[in-house]
Structure formats: C-alpha cells, structure tokens
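Ready for some practice with aromatic rings and a sheet? Take a look at what's below, then work through the exercises one step at a time.

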Amino acid sequence: MTQISYDRVVLCGHGSGDSGFNIDFLKFVKKIRENLKNLNVDYCFIEKNRPSIKNYLSEFNYDLNRLIFVPALLFKGNHFNNDIKKKIINYKKDNISPLVLDSINIEKELLNIYIKKLKTEIIKGKENILVTVATKSSNRIIRESLSNYTLKLSKGLGIKSKKNFLLGDKDIHNQISISNSDRFHLILHPIFLFGGHLYNKITNDFSQKYTNIHITQPLAKEKNVIKIFTNLIESKIKTID
C-alpha cells in the first residue's frame with residue numbers, strides 16, 4: 001500500500017432523501033476505507049444530506065494542502081463542474097485550495113468490467129438487446145459519453161441492437177420497440193453508482209414492461225468498481241506526495 005502524508009480523502013456524493021441511496025453510499029465509503037487503511041477517509045454531499053461541501057470546508061481545521069476531494073460521480077456534468085469543482089477550488093485558506101480529483105472515465109474504466117460481466121448474460125438463439133440509462137442532464141457531454149460507452153460495450157459483447165437514454169427522454173419503450181416474445185432478451189444496464197429512487201424507478205419500470213430481462217445492479221456493488229476508485233486515489237497521491 002502506498003505510504004502517504006495526506007491527512008484526509010473526502011468522498012463527495014450527490015445526496016438523496018432515499019434510504020437505499022444512503023445505505024449504498026455509506027457501504028461504498030466503508031469499502032474505500034477498508035482498501036485505504038493508511039488514509040483518513042471521510043465524506044460529504046452536494047445536496048440534501050449533511051455534511052454539505054460548504055459545511056465540511058467551514059468545519060475543517062486541518063491544512064487544506066492535505067485535503068483531497070473525490071467525486072463519487074460517473075460523469076463530468078454540471079454537478080462535477082459547478083457543485084463540486086468550483087465550490088472547492090474557489091474555497092481558499094492562506095491562498096491554498098483543496099485538491100479535487102477527476103471523476104472516473106466510464107468509457108475507459110468500466111468498459112472491460114462490464115464486457116466480461118455481461119458476456120455471461122447473453123442468450124444464444126435470441127436477439128439480445130442492450131439498453132443503458134443514465135440520470136437526466138442538460139449537459140451534452142453526458143449524453144455523448146453514454147452513447148460512446150454503449151456503442152463500445154455493444155461491440156465488445158457482439159450485440160447489434162442497442163439503445164441509450166437519459167431519464168426524462170420521451171417514448172423510451174417505443175424506441176426499443178420489442179415484444180415479450182421469446183425471441184428477445186433485454187439487458188438493462190443502468191449507469192448509476194448507487195441504488196435509490198432513480199435506480200429503482202428505472203428498474204421497476206422495465207421489470208413491469210419486459211419479462212425476458214437481465215438488470216445490472218448499482219455499480220458500487222461491484223468489487224472491481226470499488227477498485228477503480230481505490231486506484232484513482234492511490235495513483236493521484238503517488239504523483240503529488
């Protein structure tokens with residue numbers, strides 16, 4: 001394990017009033033702590049839960065040069081740029097700002113994990129259809145990133161039929177346009193790090209609509225996804241310590 005001098009790593013989650021999200025997030029924090037035993041691992045939230053980013057910074061009494069924020073997010077959207085990066089970087093004490101790590105790159109870091117995992121879910125003799133869904137956003141980068149990830153994943157799986165959506169897109173099921181016949185097998189891959197209201201909304205909707213379906217669990221439940229975040233933190237520390 002890397003020997004470091006940084007005092008604290010702060011995992012920054014979105015926040016939610018949903019108990020499922022909060023349970024998953026705290027389990028995620030626990031797993032990161034177990035993987036980085038030589039670090040102080042703490043957490044904060046963008047909204048809804050405490051401590052907020054602002055509360056955490058105002059109550060933090062250590063040297064800001066020894067504070068690293070890690071966004072528990074999957075895309076570099078508005079939450080990353082405006083709610084995390086700007087707020088933290090603009091917070092200065094003695095002309096020193098905390099460090100903010102980049103969010104993970106789903107095209108680069110999730111792709112091989114889910115090619116390997118979902119290959120076992122493909123059913124021979126059926127038309128397998130891959131559907132990815134991510135959170136609603138006005139940021140075109142998120143839609144582009146999801147589209148690119150879905151294309152590469154479908155190619156890696158050898159699946160010709162694919163669709164990707166953001167929550168709030170209209171006529172999702174009409175665009176998929178399949179029946180519940182035995183000819184089809186739908187693989188639903190929600191791109192959500194944690195469970196909660198949005199993940200449940202998607203999975204319940206699809207489960208009621210289709211019978212021949214496999215649904216992936218929230219990403220933070222995957223051991224290899226936890227490893228991505230662990231490696232992200234350790235590799236960054238090696239470059240700055």
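This is a predicted model: local features need pLDDT of at least 70, side-chain atom pairs count only at pLDDT 80 or more; totals for chains, interfaces and linings use all residues.

Residues are numbered from 1 along each chain as its sequence is written, and side-chain values use heavy atoms, with hydrogens and water left out.

**Exercise 1.** Work out how the rings of Phe28 and Phe229 are arranged, and which parts they tie together.

*Solution.* 
Step 1: recall the rule. Rings of Phe, Tyr and Trp (its six-membered ring) pair if their centres lie within 6.5 Å; planes under 30 degrees apart count as stacked, over 60 as edge-to-face and the rest as tilted.
Step 2: apply it. The centres of Phe28 and Phe229 are 5.2 Å apart and the planes sit at 85°, so this pair is edge-to-face.
Step 3: place the residues. Phe28 belongs to helix H1 and Phe229 to helix H8 (residues 223–240), so the pair ties together parts 201 residues apart in sequence. Helices (H or I, at least four residues) and strands (E, at least two) are DSSP runs, numbered from the N terminus.
Step 4: check Phe229. With 0% relative accessibility, Phe229 counts as buried.

**Exercise 2.** Find how many aromatic pairs there are, and which residues ring pairs link into a cluster with Phe28.

*Solution.* 
Step 1: the rule gives 11 aromatic pairs.
Step 2: take Phe25 and Phe194. Their ring centres are 5.5 Å apart with planes at 75°, so they're edge-to-face too.
Step 3: both Phe25 and Phe194 are buried.
Step 4: follow the links. The cluster holds Phe21, Phe25, Phe28, Tyr43, Phe45, Phe194 and Phe229.

**Exercise 3.** Describe the open sheet: what is its strand order, and which strands are at the edges?

*Solution.* 
Step 1: the 4 strands go S6-S5-S7-S8, with parallel pairing (two strands pair if DSSP finds at least two bridges between them).
Step 2: strand S6 (161–166) and strand S8 (213–215) are the edges, as each pairs on one side only.
Step 3: look inside the sheet. Strand S5 (residues 127–134) and S7 run parallel, joined by 7 bridges. Leu130, for instance, has Ile187 in S7 as its bridge partner.

Definitions and conventions:
Buried means under 20% relative accessible area, exposed over 50%, partly exposed in between (1.4 Å probe, protein chains only).
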